[in-house]
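Here is a short briefing on one protein chain. Look over the sequence and the structure first, then work through the points below.

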Amino acid sequence: MPKYSFTAEELADTLTPGEVTSASGTLSASSPQAARKAVERSLRSRGYEPTGHITITQK
């Protein structure tokens, strides 16, 4: 599977209202769309709601 890097800006912390952060990393996925869905799902499972841009680029 291809590897992708991601940068997620403006993540609202649902556990600490008013806090905003960002995240970046890499993952393997079958397509850019699958990578985006995986990133969104992972962020939400950690208590963050994406409110800004998520950039996905193939490595």
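A nonpolar core is a set of buried Ala, Val, Leu, Ile, Met, Phe, Trp, Tyr and Cys residues joined through side-chain atoms within 4.5 Å. Keep in mind that this is a predicted model. Its largest nonpolar core has 11 residues.

**The core**

- The members of this core are Y4, F6, A8, L11, L27, A29, A35, V39, L43, I54 and I56.
- The most comes from β1, which gives 4 residues.
- In soluble globular proteins, nonpolar side chains tend to be buried together.

- V39 is found in helix α1.
- Is V39 buried or exposed? Its relative accessibility is 4%, so V39 counts as buried, the cut-off being under 20%.
- Leaving out residues up to four places away in sequence, V39 touches F6, L27, I54 and I56.
- With that exclusion again, A35 touches Y4, L27, A29 and I56.
- Along the chain, V39 and P50 are 11 residues apart, and their C-alpha atoms are separated by 9.6 Å.

**The hairpin**

- β1 and β2 form a hairpin, with 6 residues between them.
- The two strands run antiparallel, and 8 bridges join them.
- Which residue in β2 is the bridge partner of F6? That partner is G25.
- F6 also belongs to the largest nonpolar core.
- In the turn, G18 has a positive phi of about 95 degrees.

**The loop**

- T16 lies in the loop between β1 (3-13) and β2 (20-28).
- T16 counts as partly exposed because its relative accessibility is 37%, which falls between the 20% and 50% cut-offs.
- T16 and F6 are 10 residues apart in sequence, and their C-alpha atoms are 23 Å apart in space.

**The salt bridge**

- How many salt bridges does a search of the whole structure find? The search finds 1.
- The side chains of R44 and E49 meet in a salt bridge, at 3.0 Å from N to O.
- Side chains of opposite charge can pair when their charged atoms come close.
- R44 has a relative accessible area of 43%, so R44 is partly exposed.
- E49 is partly exposed too, with a relative accessible area of 31%.

Conventions
Residues are numbered from 1 along each chain as its sequence is written. This is a predicted model: local features need pLDDT of at least 70, side-chain atom pairs count only at pLDDT 80 or more; totals for chains, interfaces and linings use all residues. Side-chain values use heavy atoms; hydrogens and water are left out. Buried means under 20% relative accessible area, exposed over 50%, partly exposed in between (1.4 Å probe, protein chains only). Two strands pair if DSSP finds at least two bridges between them. Contact means heavy atoms within 4.5 Å. A salt bridge is a side-chain nitrogen of Lys or Arg within 4 Å of a carboxyl oxygen of Asp or Glu.
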